Amino acid sequence: MINKLKFLLFTFLVICIANSAQAQVNKSLKQELDSLKHVYKKNKSDLTTEKRSILESRIFFIEGEILRSNNEASKRSNNALTELPESFADSAKKSRGAIFNPYEDYSSYLLNLSQSDCCSEVEDWKYENYVLSYQDFLKIKKVNEQIDFSSINYPLLHAAIFYETNQERIKAGVAALKFHQSLESAAYGHALDMRTYDFFSHTSVVKGKEGVGDRARLAGFDWTRVGENIAISFGIAYTASTPVYTPDQNGGYFSYEYKGNPILPHTYLSFAKAVVNQWMNSCGHRANILNVNYNYLGIGAAHFSDDSFYMMDKFYGVQVFGK
């Protein structure tokens with residue numbers, strides 16, 4: 001009885017500490033959100049298109065982080081689905097009046113984005129690097145390093161998927177897409193929401209963010225055409241449907257042979273190739289990737305451990321296309 005009481009007391013203390021830490025995180029996020037909203041409201045009429053878009057995308061992301069943070073405090077669950085739903089694409093109705101003015105100086109926009117407060121957490125990848133050629137991108141050392149699932153460089157992972165997507169367009173004779181922060185915020189937010197709220201769909205369970213068009217517009221992209229691809233992909237270099245020995249059989253790792261060589265984590269580049277290939281092998285998703293009517297692209301990914309299959313490392317992947 002005494003041991004049971006001690007256990008209950010210990011559990012209560014752990015929950016209190018966790019809730020206190022969560023409250024502190026939310027307080028910090030709320031302060032940043034209030035500050036950004038104040039700046040946006042006060043200066044909206046004077047902001048350039050690029051600065052307004054950057055602010056809106058950051059506000060969108062922080063609002064999502066607060067909701068996800070609150071949900072994670074009470075429930076931590078992961079999706080076990082491994083199939084691709086149909087891709088989604090939509091066009092604005094003429095009466096909707098959706099207009100997006102492309103940036104006149106794209107290089108300056110990317111430089112502005114890298115130096116802005118919204119992106120200060122980016123360490124190894126700068127948004128201005130999106131002007132690099134594919135060949136120069138491949139020269140980045142970390143691109144070919146294995147993904148450390150405890151410390152994922154998401155901006156670089158998003159960039160790798162972005163570049164591999166454009167490679168498919170170039171091979172098909174279609175113009176390459178430009179990066180857009182608002183579409184990245186929409187994509188990354190949706191990937192995180194699918195992980196947090198345990199769903200796998202183009203239709204979000206989060207009020208106000210139900211459709212990809214809603215998410216893109218909230219993130220600052222005033223679109224005339226929008227599309228989205230989503231996927232669940234393996235974080236390790238595992239070939240789907242191939243018989244595999246599990247960690248409980250091997251002593252802690254997956255392998256194709258009993259006690260054989262471990263199936264290693266993907267590199268940033270090999271994961272990007274795998275998920276883009278996954279989309280390209282599906283007619284609807286391929287159509288989105290090669291659609292000549294899109295000008296911009298944003299990528300999002302969110303890691304999770306699949307508790308339905310020995311905690312195998314997987315990712316939700318999202319592409320958001322826009323015009």
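Reader: Where does Glu228 lie?

Author: Glu228 belongs to strand 3, which covers residues 225-234. Keep in mind that this is a predicted model.

Reader: Is Glu228 buried or exposed?

Author: Buried means under 20% relative accessible area. Glu228 has a value of 0%, so it counts as buried.

Reader: Which side chain makes a polar contact with the side chain of Glu228?

Author: That of His202, at 2.7 Å.

Reader: Which residues does Glu228 touch, leaving out those up to four places away in sequence?

Author: Among them are Ser87, Phe88, His190 and Arg215. The list also includes Asn288 and the run Val318, Gln319, Val320 and Phe321. His202, the polar partner, is one of the residues touched too.

Reader: Now helices. How do residues point along an α-helix?

Author: There are 3.6 residues a turn, so residues three or four places apart point the same way.

Reader: What span should helix 6 have?

Author: The expected span is 1.5 Å times one less than the number of residues. Helix 6 has 17 residues, 181-197, so it should span 24 Å. Its end C-alpha atoms are 24 Å apart, which agrees.

Reader: How many residues of helix 6 are buried?

Author: 16 of its 17, so the helix is mostly covered.

Reader: What comes just after helix 6?

Author: Asp198, with a positive phi of about 60°.

Reader: What of the protein overall: how many helices and strands?

Author: Ten helices and five strands. Of the 323 residues, 49% count as buried. For contacts between residues at least 6 apart in sequence, 73% join residues at least 24 apart. The accessible surface is about 16,300 Å², and 53% of that belongs to carbon and sulfur atoms.

Terms used:
Residues are numbered from 1 along each chain as its sequence is written. This is a predicted model: local features need pLDDT of at least 70, side-chain atom pairs count only at pLDDT 80 or more; totals for chains, interfaces and linings use all residues. Side-chain values use heavy atoms; hydrogens and water are left out. Helices (H or I, at least four residues) and strands (E, at least two) are DSSP runs, numbered from the N terminus. Buried means under 20% relative accessible area, exposed over 50%, partly exposed in between (1.4 Å probe, protein chains only). Contact means heavy atoms within 4.5 Å. Accessible areas come from the Shrake-Rupley method with a 1.4 Å probe; for residues, only the protein chains shown count as cover. A polar contact is a pair of N or O atoms within 3.5 Å; within protein, one must be able to donate a hydrogen and the other to accept it, and residues adjacent in sequence count only if both atoms are side-chain atoms.
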